[in-house]
Amino acid sequence: MRVAFGSDDENDTTRAVVQALTDDGHEVLRPSFATWPELGRAVGLDVVEGRADYGVVMCWTGTGTAIAANKVPGVRAALAWDPWIAKGARLWNDANVLAMSLKRLAPDVAVEVLRAFLAEPEPDPDEAANIKAL
Ligand SMILES: O=C(CO)[C@H](O)[C@H](O)COP(=O)(O)O
């Protein structure tokens, strides 16, 4: 898949996420930005304008980039910190952008969260009306 990735800082966790995307055969897009609000918007635009299938945004907390991405119409960004939350974001919310904290997730946990998010191909049809109402 094509995954747009942006992070406002770099550490072992962000490097592990990018490495996992590459190892898993995804095409990684790296939009340019200066600030974390721009980062969320740039990744969100890559998704809604069709350059990427999914987005991954990271900042110290994950929250700011999630809010910024969610300001882009059509983006459903979810802040996730464990694989179950990430899976649920895809399954029950049809999230198209994953947001994670680069400070609070260990590299192996962030990679597990990432893989859980990208492994869930289709939302639960029972949630279609709720997702449409978002
Ligand atoms: O977590 C964040 C936003 O939610 C940012 O990463 C954190 O606030 C640091 O930003 P800056 O380097 O611009 O001060």
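Biologist: How many nonpolar, polar and charged residues are in the shell around the ligand?

Modeller: Ala, Val, Leu, Ile, Met, Phe, Trp, Tyr, Cys and Pro count as nonpolar; Asp, Glu, Lys and Arg count as charged; the others, Gly among them, are polar. Here the shell has three nonpolar, two polar and one charged residues. This is a predicted model: local features need pLDDT of at least 70, side-chain atom pairs pLDDT 80 or more, while totals for chains, interfaces and linings use all residues. Numbering starts from 1 along each chain as its sequence is written, and side-chain values use heavy atoms, without hydrogens and water.

Biologist: Which residues surround the ligand?

Modeller: A residue is near a molecule if one of its heavy atoms lies within 4 Å of it. Asp8, Trp36, Cys59, Trp60, Thr61 and Gly64 surround this ligand.

Biologist: Which side chain has an N or O atom 2.6 Å from a ligand oxygen?

Modeller: A polar contact is a pair of N or O atoms within 3.5 Å. The side chain is that of Asp8. A polar backbone atom of Trp60 is 2.9 Å from a ligand oxygen. For a backbone N or O atom of Gly64, the distance to a ligand oxygen is 3.0 Å. The protein buries 59% of the 370 Å² that the ligand exposes alone (Shrake-Rupley method, 1.4 Å probe).

Biologist: What is the strand order in the open sheet?

Modeller: Strands are DSSP runs of E, at least two residues, numbered from the N terminus. They pair if DSSP finds at least two bridges between them. The order is β2-β1-β3-β5-β4, with parallel pairing. The edge strands are β2 (27–29) and β4 (77–79).

Key
A polar contact is a pair of N or O atoms within 3.5 Å; within protein, one must be able to donate a hydrogen and the other to accept it, and residues adjacent in sequence count only if both atoms are side-chain atoms. Helices (H or I, at least four residues) and strands (E, at least two) are DSSP runs, numbered from the N terminus.
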